[in-house]
Amino acid sequence: MIKVSPSILSADFTKIYEAVKMLENAGADYIHCDVMDGKFVPNITFGQKMVSDLRRHTKLPLDVHLMIVEPERYVMEFAEAGADIISVHVEATIHLNRTLKLIKSAGKKCCVSLNPHTPLNVLDYILEDIDMVLLSSVNPGFGGQSFIPYSIRKAQELKQMIESRGLAVDIEMDGGLGAHNAKLVTDAGVNVIVAGNAVFSAEDPKDIISRLKLEK
Ligand code: DX5
Ligand code: ZN
């Protein structure tokens, strides 16, 4: 089953409530929240308050992608704000094992994110401890960028790594995804698709979400 996690970053921030209701009606599985600090990535977006406000208005799981340095300083606050899945970048935290334990201690699903060039071997010793891997298929920082093609091989190799260990870790891909490449990435092993621009610029978001799930 393919899940779709539309990124609220592509919404009009003055109309977040409408965006959430639109996503619920369109069949979104999660709401992807791109938190950026202007340091780990060049852009600044929003923080815990956005997550807690979203929490009050939807039951959809909130899939929080922390693109911030030292995420360990904030994971508990995002957990308390109502995040369901918390993703931290391996490149941003020195003691990943400790950071993941923190996320788990808050009862949240933990996800490890990798920048496009970061090799999969960083996952070697922690794969058993995580619920999901997020593969950034663009240089994180902005919505609406072009998909980096080598992300396909990366997903295939990750899928193999997960299966060879008999694990059930989800593979989320994030950046530059749309109806044109959904089959390519899901064939490669991706089962959670993040989509910002593709969903929010669509005339019919419900149609695009079902295309991303390969239902059409
Ligand atoms: C990129 C973010 C993505 C992005 C997705 O830095 O992590 O979630 O907003 O947007 P699209 O689908 O437009 O590439
Ligand atoms: Zn993201």
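Let's start at a helix. Asp187 sits in helix α6, which covers residues 182-187. Is Asp187 buried or exposed? Asp187 is exposed, because its relative accessibility is 56% and the cut-off for exposed is over 50%. Now look along the chain for Gln156. Asp187 and Gln156 are 31 residues apart in sequence, and their C-alpha atoms are separated by 8.4 Å. Please keep in mind that this is a predicted model.

Next, the metal. Which residues coordinate the zinc ion, ligand 2? Find His32, Asp34, His65 and Asp174.

What is the geometry of the zinc site? The site is octahedral, with 6 donor atoms and angles of 70 to 171° among them. For comparison, ideal angles for six octahedral donors are 90 or 180 degrees.

Now the spacing. Written as a pattern, the donor residues of the zinc ion read H-x1-D-x30-H-x108-D. One pair links distant parts of the chain: Asp34 and His65, which are 31 residues apart. Asp34 belongs to strand β2, residues 31-36. His65 belongs to strand β3, residues 62-67.

The cut-off for buried is under 20%.

How many residues surround ligand 1? There are 19. The closest are Asp34, Gly141, Gly144, Asp174 and Gly196.

The side chain of Asp34 has an N or O atom 2.7 Å from an oxygen of ligand 1. Gly144 places a backbone N or O atom 2.7 Å from a ligand 1 oxygen. For Gly176, a polar backbone atom is 2.9 Å from an oxygen of ligand 1. How much of ligand 1 does the protein cover? On its own, ligand 1 has 380 Å² of accessible area, and the protein covers 99% of that.

On to the strands. Strand β5 spans residues 109-114. Why is β5 described as largely enclosed by the rest of the structure? Because 5 of its 6 residues are buried. Strand β4, residues 85-89, pairs with β5 in the parallel sense, over 5 bridges. Within that pairing, Ile86 stands opposite Cys110 in β5.

Now a loop. Asp29 lies between α1, residues 16-26, and β2. What does the side chain of Asp29 reach? It reaches the backbone nitrogen of Val4, at 2.8 Å. Asp29 also makes a polar contact with Lys213, side chain to side chain, at 3.1 Å.

Last stop: two backbone angles. Glu70 is not a glycine, yet its phi is positive, about 45°. Glu70 lies in the loop between β3 and α3, residues 75-81. At 38% relative accessibility, Glu70 counts as partly exposed.

Leu214 also has a positive phi without being a glycine, near 60°. Where is Leu214? Look in the segment after α8, residues 205-212. Leu214 is partly exposed, with a relative accessible area of 37%.

That's the tour. Thank you.

Methods. Residues numbered from 1 in each chain as written. Chains lettered and ligands numbered in written order. Predicted model: local features only at pLDDT ≥ 70, side-chain atom pairs only at ≥ 80, totals over all residues. Heavy atoms only, no water. Donors = N, O, S within 2.8 Å, 3.2 Å for Na, K, Ca; no water. Tetrahedral: all angles 85-135°; square planar, octahedral: opposite > 155°, others 65-115°. Helix = DSSP H or I, 4+ residues; strand = E, 2+ residues; numbered from the N terminus. Near = heavy atom within 4 Å. Polar contact = N/O pair within 3.5 Å; in protein donor to acceptor, adjacent residues only side chain to side chain. Areas by Shrake-Rupley, 256 points an atom, 1.4 Å probe, with all protein chains shown as cover. Buried < 20%, exposed > 50% of the residue type's maximum accessible area, 1.4 Å probe, protein only. Pairing = 2+ DSSP bridges.
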